[in-house]
Amino acid sequence: MNLSRLNQFLVPVLAVLLGMIVGSIVMIVSGYNPIAGYSALIYGAFGDPYYIGETIRQTTPYILSGLAVAFAFRTGLFNIGVEGQLIVGWLAAVWVGVSFDLPKVIHLPLAILAAALAGALWALIPGILKAYLKVHEVIITIMMNYIALHVTNAIIRSVLSDQGFKSKPVRESASLHSDFLDAITYHSTMHYGIIIAIIGAVIMWFLLEKTTKGFELRAVGFNQHASQYAGMNVRTNIILAMVISGAFAGVAGAMEGLGTFGYISTKAGFTGIGFDGIAVALIGGNNAFGILLSALLFGALKVGALEMPSSAGVPTELVDIIIALIIFFVASSYIIRLLLSRLQKGAE
Amino acid sequence: MSIYEILQIIIPSAIFFAAPLIFTALGGVFSERSGVVNIGLEGLMTIGAFVSIVFNLTFADRFGAFTPWLALLAAVIAGAIFSLLHAVASITFRADQVVSGVAINFLALGLTLFLVKQMYGKGQTDQIQVGFDKIDVPVLSHIPIIGPLFFSNAYIPSYLAIILAFVAWYVIYKTPFGLRLRAVGEHPMAADTMGINVAKMRYIAVMISGALGGLGGGVYATIISRDFSHATISGHGFMALAAMIFGKWHPIGAMGAALFFGFAQSLSIVGQTIPFLKNVPTVYLLIAPYVLTILALAGFIGRAEAPKAIGTPYIKGKR
Amino acid sequence: GCAGQGGNNAGKNTFSVGMVTDVGGIDDKSFNQSAWEGLQKFGKDNGLQKGRGGYDYLQSSSDEDYATNLNKLVRSDFDLIYGIGFLMGDAVKEVAKQNPKKHFAIVDTVVNEPNVASITFKENEGSFLVGVVAGLTTKTNKIGFIGGMEIPLIEKFESGFRAGVKAVNPKATVEVQYAGAFDQADKGKAIASSMYASGIDVIYHAAGATGTGVFSEAKDLKKKDPNREIWVIGVDKDQAPEGVVKVNGKTYNVTLTSMVKRVDVAVYDVAKRTKNGDFPGGKTLEYGLPENGVGIAPTQDNIKPEVLKAVDEWKQKIIKGEIKVPSNRKEYQQFEASLKK
Amino acid sequence: MEYVIEMLNIRKVFGNFVANDNITLQVKKGEIHALLGENGAGKSTLMNVLFGLYQPDGGEIRVKGQKVNITDPNVANDLGIGMVHQHFMLVDTFTVTENIILGSEPTKGGMIDLKRAEKEVRELSERYGLAVDPTAKIADISVGMQQRVEILKTLYRGADILIFDEPTAVLTPQEIHELIQIMKKLVKEGKSIILITHKLKEIMEVCDRVTVIRRGKGIATLNVSETNPNELAALMVGREVQFKTEKKPAQPGKPVLEIKDLVVKDARGVTTVNHLDLTVHAGEIVGIAGVDGNGQTELIEALTGLIKAESGTILLNGRDITNLPPRKIIEAGVGHIPQDRHKHGLVLDFPIGENMVLQTYYQRPYSKRGILNFKAIYEKARQLISEFDVRTPDEYTKARALSGGNQQKAIIGREVDRNPDLLIAAQPTRGLDVGAIEFIHKRLIEQRDQGKAVLLVSFELDEVMNVSDRIAVIYEGKIVAIVNPKETTEQELGLLMAGSKRKEAGVSS
Ligand SMILES: Nc1ncnc2c1ncn2[C@@H]1O[C@H](COP(=O)(O)OP(=O)(O)OP(=O)(O)O)[C@@H](O)[C@H]1O
Ligand SMILES: Nc1ncnc2c1ncn2[C@@H]1O[C@H](COP(=O)(O)OP(=O)(O)OP(=O)(O)O)[C@@H](O)[C@H]1O
Ligand SMILES: [Mg+2]
Ligand SMILES: [Mg+2]
């Protein structure tokens, strides 16, 4: 019993290690020094308060997009639309952030709420189509991503600016910027959003594991027939699951709009945070605490990677390879488990 | 502009947009029909695009006009080999197939860009010099009305895509191989008790999807982008995935869906030159393909039944 | 003033300069590449090494990296730090405010901070000239413009180009279409395909990698029918190499000409001034035709001599200020109205 | 002695669990050999070893005297061993023919020669009297026909040793009768059969010899002619078993369930419940007897709110519950033991404990102000697990890991514990061993004795006759007769179920 607990923790750690090992093989084969490469990576992620600040800033939206994907997974849905929901959340947060003049205690929560609502609304459509017409949510969410991108751009151009490419900055009262964090991290772009992201993780855990509604959502996710038999409203729960997932994604957008950037600009393509969220969720085992860690891993790898070309001459793309390898090893945890149990048996 | 003139622009461009999606979606059909989810189509296309461009740049001098064809062949092989990773992970290692597919996407992009940097010392390749030619199909292009619409100003691989859809239909629905493939995707244990090697069938199916995904990417790169960079394949694999689901996991359906996407895409582009659409704000035309797809799915296509065993690793003896 | 700490470099006169690229990277065949070329030339001319303490760049892989990368350069003590591309405006402003003692420069937009030099270009002027070329070259009197995204910067290209066409060929129409992205070659190709099919024979693109689709379509059509006269006008750099097509052993080039934007010149210029203690902080440097900041590409083989002559005449008029080239759609309307009078 | 199959000292271990502990099974040529044992005794495991799905950890297998190594089903096929699995191995979306030829398809020019295949299937089905429609989709045919397809699959491959793993658990009496005829015919043709069943009556009727196993160990092999059901039951369970559940006469009270003129359509839009009337009183068990497909499923689903009724009314204690959502019906006092325990009964990926509150999780004490009270939930689970003898490592184990019988006990515990006024039990003992059946029957009668109304739907005539106080015969969506079990016979019931007039059968109620 204890052993399996241990393995539950060991498997992802081993997956990360294996990913790094294979990554260093790639580096050696291509003529780079893996020690220099990883030193740069680690320095670039945690080297001093500034880098730590940047890593945390990058981690913030990853946590929320990971939660969004995971929430859907846990309730039997595959939300590839986190990207689009994030973008509309970003838009809504900034919209509220620039349009009102309110005290901070009202304005900031209002802007975040608007983002959550926008993300939820964007997920409502695939939710309804899934619940009532059984249309596959994967296609609809892919389509909704593109619609979000273009519609947001149009709104930025015509409503949030005068045919410009970006909005005004959000008012101070709606900003997540923190002079304190700015000061202790030597002007990193870290902001208060991390607190919201962590609260998000707690909310997801609590909602799914501790509440009556969470029980229903999970039950419907596993077995719609049995849930219906037991008197749960399957359609409502599918829609609700999608909407909550979208709300997390929307808040991830608010982190960008109210924190990292403080405005929204027209986009030529996707931010990638939504798609990375799939990987974050999966590495984190679709579990709130796991996602906090895997988002941190992702954030550190992404931010640390920026240091690799200048300090070690290693292209940043290598980090994408390492991330991919880690995902592979996490996915193949069966084989790791098998090896572990062989080892542990051998040791006995 | 007359309607006919408009069609003359829209239809060839619809076919041209659709071709890479058709190849890739057909690949998806094979894999998912065997019960293996393939979210990695995007990555497989990326590999195909990369290999076909590198091959083309490297060997254009040696093979001349054959280069693009050989480059596609290389893309097919590379795609098939790369998809082995997905096969090993999701069939032998019992990995979550979605996770493994996501990893394929990450790995393909990271690896190809890394290699581009290694090989060319920059973030994107040069433009290829030998591509496919636009042709008017002999004889057929002279058929009145239809000829100019369907057989003029087109690329051979586009026709290949359409022919391949029918070939795939034949293979999946008319041959023993196809019957076994579908059996493995619907009820692997039943197939197992009938002496069919489930793992082998799934390996073959995933590798076919790799080959076709590679082909799709190769066709895209050779005809459309003509070079390889981080943005060459951006979302096309996901559109192919959508086409496959839209087409209800059926080769002809997938082709139809891809053509529909191509048509909507082409309409959204040409729309700006059509008199009565001219004053429509651009954004409506930009989102039109996606909105049309949603409406089509919600309106009359409705539910689609995925192969029953999709997404679950087959473990002998497990209920 | 430079607070260089290049430890091993005993000499006092070290000057280091770094830049942060947009997501395109230093080989985007566009402004990032051009900027890096300028910086490399500056480095060589001044005997600097690539890397810390000399000249260097950092590439951004998403817009979240802008500020991080700028800060990295600040923390590596570069004396002058460039942000390349209008998207980086806010990041530069932010980081410049946090580091008032550091020198920054931004390309393609204006940042109002005392320690930031803003570099902008009069793309409308260069576009006007290629508009003149297009207007005088077209046989069908139908011309196309393909933009990447509908943003003020690209509208500057559009307005200048349309003004150039209208100025020399009032009968010609300019079809304007935006692809909605800078990196979708398939859309560029499809738009070009529909434009050429509708009788347009010259297309000017300001669409980055989306524009590669325009070239590929033109080359395909050329290959199919070498006698057909279809042209592409390139942007940012001399795009003549993109237009080469071989048919039956004969080599053609569908690139009519290109509107070049000399980011390299501007970057070099500002670096030099800064090194010489003349940092143009708080100022906006506008590079137009007189400063050779924009213009027609050196490859002009496909342009008829009389057209080149006309281009030269218009260029002089602009330089002398005889005409004001519109830089947005409103100004273009006024320009067009003034032509009719 | 000529044995076609000899499994000698077969051992099969799953993890730490010994499923087959040195079992020996010897089958003679041309006999029907029964394999008998409780749920989880290891019967399916032993047969899966013989068929090559599992590799044994010890022992040896001989086929026709030859030592063999059956590494996969292909080898088994080649040795002439065919198996009809407990859970059908049929691809729903394929036709009958496609399922039969799968893996050894006749071809013409690379293409499947469907014409020829269909002809072969037709011939084969005529030869053995296994009526099937070669072009029908599996999803569209009855369970009985699916079973015939399974048998045809083995015959198509030329099997002469057939394994039937609980073939009758899902069949109606008519279908069972047909199957028995088929088996007899097959044996006459020179084939040998291993039959797994929990129904001792069947063993007595068709089998020549029987091997009994208990908890993975071989107990005995007997000649059927020299034994009797009581001995067999005692051997397999390890104690005496009562077949006929003792019960006091019913004392019916007021009507609890009143169904009036009910019309229901199935998913395809066919009217399957057709102006049905039925009343169930407090303190009685009404059994519904009928051939599968006569509207039983839709009747239950309409009663429980899973599908909408077209017209008619359903009253519960006088209150109209027609077309209310399932939750309202549950709250009104209806309990339901569903026919398909995996589809409807359980969330297999939930712990058994959470499955115990599947309908009540939102009520006190399991939930307070929207927050779950796991302490209360698992306390309840522990209580039910011990009360209903659910064999599970603990209450945190996923429901999926339990055996079918224990899953069923868990469901029954849950439904009974909610104390509903009306308990609907659909096929409550399907696939269970005699011990478990006895247990469940006792529970149903206990409910009745506490004044609850029980509606029992079962294809097992034995069960209906044994447990019910009144039997309602359903035919083409109508109740065509109500009979008293004490005054009727299986033959009479069978006639009624086949649609003969109630007058002729002589009904009383
Ligand atoms: N794949 C497996 N993994 C682990 N344990 C298994 C597996 N299959 C069976 N078992 C164990 O072996 C025991 C015997 O299972 P088996 O299916 O052979 O029983 P059975 O006699 O066929 O029961 P039933 O009458 O219910 O069909 C089960 O109780 C179970 O605990
Ligand atoms: N993957 C598995 N891991 C562990 N145990 C398993 C597994 N698969 C099956 N089992 C075991 O198989 C047993 C179920 O077999 P059993 O034959 O007793 O069920 P059953 O009564 O035949 O079920 P059903 O009613 O569904 O036919 C359980 O005891 C369970 O522990
Ligand atoms: Mg069994
Ligand atoms: Mg059983």
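A polar contact is a pair of N or O atoms within 3.5 Å. I wrote that down before anything else, and I also noted that this is a predicted model.

**Entry 1**

I began with D:N39, where an N or O atom of the side chain is 2.9 Å from an oxygen atom of ligand 1.

Next I looked up D:T45, and its side chain has an N or O atom 2.5 Å from an oxygen atom of ligand 1. With D:G42 the backbone takes part: one of its N or O atoms lies 2.8 Å from an oxygen atom of the ligand.

On its own, ligand 1 has 630 Å² of accessible area, and the protein covers 73% of that.

**Entry 2: the shell around ligand 1**

How many residues surround ligand 1? I found 17, and the closest are D:G40, D:G42, D:K43, D:S44 and D:T45.

Why do I call the site shared between chains? The residues around ligand 1 come from chains B and D, so I put both chains in my notes.

I also sorted the shell by class and got five nonpolar, eight polar and four charged residues. Then I asked myself which element gives the largest share of the shell. My answer is α1(D), with three residues.

**Entry 3: where chain B meets chain C**

I moved on to another part of the model. The contact between these chains takes 36 residues from chain B and 34 residues from chain C. Together the two chains bury about 2,800 Å², and 48% of this is on carbon and sulfur atoms. On the chain B side, I picked out B:Q127, B:K134 and B:I269, which supply 19% of the area that chain B buries against chain C, more than any other three residues.

How many salt bridges cross the interface of chain B and chain C? I noted four by the rule. I looked at the pair B:D136 and C:K224, which form a salt bridge with their closest N and O atoms 2.9 Å apart. Ten residue pairs are in polar contact across the interface of chain B and chain C.

Last, I checked which elements of chain B give two or more residues to the side that touches chain C: α1 (3-33), α9 (198-225), α11 (251-270) and α12 (282-301). The largest share, four residues, comes from α9(B). By class, I counted 14 nonpolar, 14 polar and eight charged residues on this side of chain B.

Note on methods:
Residues are numbered from 1 along each chain as its sequence is written. Chains are lettered from A and ligands numbered from 1 in the order in which they are written. This is a predicted model: local features need pLDDT of at least 70, side-chain atom pairs count only at pLDDT 80 or more; totals for chains, interfaces and linings use all residues. Side-chain values use heavy atoms; hydrogens and water are left out. A residue is near a molecule or strand if one of its heavy atoms lies within 4 Å of it. A polar contact is a pair of N or O atoms within 3.5 Å; within protein, one must be able to donate a hydrogen and the other to accept it, and residues adjacent in sequence count only if both atoms are side-chain atoms. Accessible areas come from the Shrake-Rupley method with a 1.4 Å probe; for residues, only the protein chains shown count as cover. Ala, Val, Leu, Ile, Met, Phe, Trp, Tyr, Cys and Pro count as nonpolar, Asp, Glu, Lys and Arg as charged, and the others, Gly among them, as polar. Contact means heavy atoms within 4.5 Å. Buried area is the accessible area (1.4 Å probe) that two parts lose on being put together, summed over both. A salt bridge is a side-chain nitrogen of Lys or Arg within 4 Å of a carboxyl oxygen of Asp or Glu.
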